[in-house]
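I opened this entry to keep track of what I looked up.

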Amino acid sequence: MNIFKEATEQLREASKYIKTPEDVLAVLTTAERKLSVSIPVTMDDGTRKLFHGYRMQHNSLLGPYKGGLRYHPQVNEDEAQALAFWMMVKNAVVNVPFGGGKGGIQVDPKSLSPGELERLTRSFVRRIAHVIGPTIDVPAPDVNTTAQIMEWIADEYARVVGMTSDESSTLRAVVTGKPVSYGGSEGREEATGLGGATVLKNILLKKEGELTYPLTVAIQGFGNVGYFLAQYLYKARTSDDQPMFHIVAVSDSKGGITAQALDPEKVMADKKENKSISDKLGKRITNDEILELDVDILVPAALEHVISKVNVHNIKANIILEMANGPTTKEAAQILDDNGCMVIPDILANSGGVTGSYFEWEQNMKGQTWTIEHYRRELHTYMTQATDEVWGAHKKHKVSLRTAAYIVAIQRLVAAIDR
Ligand code: NAD
């Protein structure tokens with residue numbers, strides 16, 4: 001089965017609990033528009049090279065298509081379609097007024113010079129400009145795409161529509177994840193980690209009485225998401241001012257460390273000094289070992305499919321907070337469920353990222369600049385509301401949190417069809 005088909009199966013399974021008609025399921029599992037483009041680029045040596053790119057617009061029931069652009073040699077139509085579908089679901093779960101989109105270019109950006117990367121990006125924008133726009137489709141960063149690339153996209157889009165984005169700040173809303181100096185938002189960088197910490201704390205509150213603090217946490221991946229999540233968990237206190245969590249293990253691509261309680265700031269300082277996490281602050285462990293530690297909470301925050309049938313029987317955590325996209329295979333998710341492990345699914349756990357993007361878009365559209373305090377308060381409201389709704393569906397239908405999140409999404413999308 002291809003990855004898009006497998007993705008839509010998850011929605012079909014959840015739909016059984018709320019008896020969704022087949023014609024509605026057909027709408028939710030079929031892409032509205034698929035754009036495939038060839039992108040000519042003049043290379044530094046004067047030759048012309050053709051690249052291939054996509055923009056998938058899965059569904060716009062809730063608002064403009066929204067989702068990242070990935071620059072990677074393995075980008076393909078099937079994967080982009082699945083990712084666009086998941087964006088529709090995630091946006092519906094967290095209740096931001098966006099549909100689902102995703103796209104990318106088949107390229108290893110590290111093989112290009114900065115000039116070639118800029119020309120590739122601008123050439124791509126010229127080929128998709130007629131299907132994107134602040135109220136049509138709003139791309140964002142994803143694997144290997146940066147704030148600088150988002151700035152080029154906004155600038156090239158403004159040229160195509162015949163205006164500079166200085167003339168109309170609304171035009172900058174064509175893309176999110178921009179540099180703060182170019183209409184980006186202070187707060188976006190930490191939004192996914194802070195959102196994940198908010199979801200986790202809210203769920204733990206609902207299990208109050210069953211838990212003994214501090215809870216031990218292992219985090220695989222110490223990049224943007226893992227680092228900010230760790231910071232917020234490190235600061236979290238119980239009502240009697242005790243630490244809620246002890247971070248006992250962290251890792252990056254080279255492996256990790258374990259210790260009684262790690263301070264994320266110190267780990268980050270060590271990572272910067274030594275280019276990756278050294279054994280200065282704890283005992284060395286591998287990236288496979290970190291997943292199997294005897295901890296209360298496991299956080300995969302790096303790659304997809306790291307929990308599979310190969311290692312699922314060795315997982316000891318009672319709670320898994322999926323900060324990466326798709327870290328658990330379908331088979332492993334079922335086994336974890338059967339074993340009573342509570343998995344907080346990616347479509348809820350990491351939705352702080354797209355919520356933060358929505359705040360950036362909202363500010364651009366209205367010509368506003370929010371304070372970081374306002375941004376954090378709004379994020380807290382959205383994440384808490386989404387968690388409460390998913391928890392409600394989990395209790396009502398006696399299903400996993402993942403199925404519950406799909407149920408919440410389907411209900412919101414169906415309501416939009418009926419409007
Ligand atoms: P990042 O590139 O900033 O960090 C990734 C981290 O994972 C790095 O520390 C890297 O060293 C580590 N890593 C790479 N390979 C690894 C391996 N084999 N084992 C362990 N660690 C490894 O990326 P990020 O933005 O933090 O994204 C992490 C995950 O979160 C991805 O799945 C991404 O799709 C997802 N996500 C990110 C956001 C966001 O706003 N950044 C939003 C939603 C979901």
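My notes follow, topic by topic.

**Ground rules**

I am working on a predicted model, where local features need pLDDT of at least 70, side-chain atom pairs count only at pLDDT 80 or more, and totals for chains, interfaces and linings use all residues. Residues are numbered from 1 along each chain as its sequence is written, and side-chain values use heavy atoms, with hydrogens and water left out.

**Second largest pocket**

I began with open space. A pocket here is an open set of points on a 1 Å grid over the protein atoms alone, with protein on both sides within 12 Å along at least five of seven lines; lining residues have an atom within 4 Å of a point. Grid points are joined across faces, edges and corners, and a volume is the space filled by probe spheres set on the points.

I read a volume of about 550 Å³ for the second largest pocket. Its lining has 23 residues, and Gln-334, Asp-337, Ser-400, Arg-402 and Thr-403 are the closest to the centre. Helices (H or I, at least four residues) and strands (E, at least two) are DSSP runs, numbered from the N terminus. By class I noted nine nonpolar, six polar and eight charged residues. Nonpolar covers Ala, Val, Leu, Ile, Met, Phe, Trp, Tyr, Cys and Pro, charged covers Asp, Glu, Lys and Arg, and the others, Gly among them, are polar.

**Cavity**

The search of the whole structure gave one cavity of 30 Å³ or more. About 40 Å³ of space lies in the largest cavity. Arg-70, Val-75, Asn-76, Glu-79, Ala-80, Leu-83, Lys-102, Gly-103 and Gly-104 line it. Helix H3 (77–94) and strand S4 (99–105) give two or more residues each to that lining. Three lining residues are nonpolar, three polar and three charged.

**Rings**

I counted a pair when ring centres of Phe, Tyr and Trp (its six-membered ring) lie within 6.5 Å; planes under 30 degrees apart are stacked, over 60 edge-to-face, and the rest tilted. The structure holds twelve aromatic pairs. Phe-222 and Tyr-227 have ring centres 5.7 Å apart and planes at 75 degrees, so I logged the pair as edge-to-face. Are these two buried or exposed? Phe-222 is buried at 3% relative accessible area, and Tyr-227 is buried at 12%. My cut-offs were under 20% for buried, over 50% for exposed and partly exposed in between (1.4 Å probe, protein chains only).

Tyr-358 and Trp-361 make a tilted pair, with 6.2 Å between centres and 35 degrees between planes. They sit three residues apart in helix H12 (residues 352–366), so about one helical turn separates them. Tyr-358 and Trp-361 are buried.

The charged end of Arg-172 sits over the ring of Tyr-182, 4.1 Å from its centre. That of Lys-235 sits over the ring of Tyr-232, 4.6 Å from its centre.

**Helix H8**

In helix H8 (residues 264–274) the buried residues are Pro-264, Val-267, Met-268 and Asp-270. They cover an arc of only 160 degrees around the axis, which puts them on the same side of H8. I took the arc from the directions from the helix axis to the C-beta atoms. On the other side of H8, Lys-266, Lys-272 and Glu-273 are exposed.

**Backbone**

Most residues other than glycine have a negative phi, and most peptide bonds are trans. I listed these departures. A cis peptide bond joins Tyr-213 and Pro-214, with omega about -5 degrees. Pro-214 lies in the loop between helix H6 (188–206) and strand S6 (215–220). Lys-19 has a positive phi, near 45 degrees. Lys-19 is in the loop between H1 and helix H2 (22–28), and is exposed at 74% relative accessible area. Asp-241 has a positive phi of about 60 degrees, in the loop between helix H7 (224–235) and strand S7 (245–252).

Note on methods:
On a 1 Å grid over the protein atoms alone, a cavity is a set of points where a 1.4 Å probe fits but cannot get out, and a pocket is an open set with protein on both sides within 12 Å along at least five of seven lines; lining residues have an atom within 4 Å of a point. A charge sits over a ring if NZ of Lys or CZ of Arg is within 6 Å of the ring centre and within 35 degrees of the ring normal.
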